[in-house]
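Morning, everyone. Please have a look at the model on the screen, and then I'll take you through two parts of it.

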Amino acid sequence: MTHYVPEGLPGELKHYIGGELVDSVSGKTFDVLDPVSNTPYVTASAGQAEDVDRAVAAARRAFTDGPWPRLLPRARARILTRIADAVEAQDRRLAELETFDTGLPITQALGQAQRAAENFRFFADLVVAQADDTYQVPGRQVNYVHRKPVGVAGLITPWNTPFMLESWKLAPALASGCTVVLKPAEFTPLSASLWAGIFAEAGLPEGVFNLVNGFGEEAGDALVKHPDVPLISFTGETTTGQTIYRNCATHLKGMSMELGGKSPAIVFADADLDAALDSTLFGVFSLNGERCTAGSRILVERPIYDEFCARYAERAAAIVVGDPHDPATEVGALVHPEHYEKVMRYVELGKSEGRLLAGGGRPSGLDSGNYVAPTVFADVPSTARIFQEEIFGPVVALTPFDTEAEALALANDVKYGLAAYLWTSKLERAHTFAQSVEAGMVWLNSHNVRDLRTPFGGVKASGLGHEGGYRSLDFYTDQQAIHVSLGPVHTARFGAGKGNS
Ligand code: NAD
């Protein structure tokens, strides 16, 4: 198979600190692989504590002395809109680089680039329209909320849809007037290297955006532990989130945690079966299955179970796996050989835990690169590890159920609680079930399409707090309550003797 390599790849990926591209103080670097050839195509600076110190100092200076936190919302919004325009204008280049670095299919990477632009546009609008609470006590008091950016925000992001997930944190942090240090995922630093140019051209003042490349245990850890970073927004694995949570305790930092998932899709016999099939296939195999909200457990009501399994497996087996740059590709290459090995271990395990209906290994004809055939296991009991654990690849478990109560128990029988997808034509059941399922987000007769105003976040081991709309602005700002007296103050007169009432 030919291996598409974009033209004009950078020779090295540096940190961006205080408006300049810089190497690590130590000079350390690490290799970045592309997931099709699995060979290094670039080296990136490996940030250490001293690099994080420099980036935080630059961000701190921009926060205390620079114009950004003090600009009127409209002035910040203008720059955010220019950023959105720039992202949109180069969506094809962005998608090309993202696909090369992550192995995501090009058509899906393009959608992610457009979504990244939309995030900036949305927060530009929101921050201009924002209203804060005022509470009147007629004739006596006015109380109002004065919102202030918190300071330097530490943003730590994963390798699945990296650019889009970075925009998800950058846009509300910047809209709020914070300055930031971004630590992108070490598997996929390529697209993040575009931010510096986009921001500078849009007029973002120097030092407002800083980026430190490097490993989680080094650069990420130093950012989490830095005393001048009062808040950490993290998206990644649950176990990493737990470590970060512990490390944030020393400085009582604000935290937003978007973690792993093992989301159920529940298909009742009265569902529109064609729509449910389309959606549950897309729900787990889009983005190579490397998707936090993947519907990776499909629970199917017994009367339609056999038909569903047969039709699902037939479609899964026909999914086009191949070169991520080919527009016909539906599933590309997994991000990294380490992740590929992990997913393959689950595929092997699944053969003893369920009944293999499709896939089960490397697709034929693709002898190198991190390719996994879309894999379907049926009759998977809830005790199976492939039912309980996040695989984060193109692997799905199908399980039958007989009653609504059993479906709910199965849906809730995992440690995660990110998303749930429900397919039924009964209105009452749809709402009752949706309100009982342990998930931060539920889609009824729909796959994952989210209006940016709605809360995004999980319960249980899937996260803490919510992002999206005003909730994102709440995270990046302190809400200070200011109480004003409108008349004479009636205070108990301590120390004034008898007349103290
Ligand atoms: P990961 O936890 O391995 O890494 C995420 C980021 O954390 C990386 O930048 C990494 O360098 C950094 N990191 C690692 N150890 C650290 C430490 N000790 N201190 C500070 N930073 C550290 O996750 P990943 O493998 O990159 O991403 C996949 C995971 O992300 C999956 O579990 C997926 O479900 C989850 N995810 C969740 C959402 C959501 O919104 N809930 C969205 C996308 C991905």
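A polar contact here is a pair of N or O atoms within 3.5 Å; within protein, one must be able to donate a hydrogen and the other to accept it, and residues adjacent in sequence count only if both atoms are side-chain atoms. An N or O atom in the side chain of Glu 390 sits 2.6 Å from a ligand oxygen atom. Leu 259 uses a backbone N or O atom, 2.7 Å from a ligand nitrogen atom. The protein covers 92% of the ligand's own 850 Å² of accessible area (Shrake-Rupley method, 1.4 Å probe; for residues, only the protein chains shown count as cover).

A word on the source. This is a predicted model: local features need pLDDT of at least 70, side-chain atom pairs count only at pLDDT 80 or more, and totals for chains, interfaces and linings use all residues. Residues are numbered from 1 along each chain as its sequence is written, and side-chain values use heavy atoms, without hydrogens and water.

Next, the sheet. Strands are DSSP runs (E, at least two residues), numbered from the N terminus, and helices are runs of H or I, at least four. Two strands pair if DSSP finds at least two bridges between them. This open sheet has 7 strands, in the order β15-β16-β17-β14-β13-β19-β20, with mixed pairing. Which strands stand at the edges? They are β15 (355-358) and β20 (441-444); each has a single partner strand, so one side of each lacks a neighbour in the sheet. β15 pairs with β16 (residues 375-378) in the antiparallel sense, over 3 bridges. There, Arg 355 stands opposite Ala 378 of β16.
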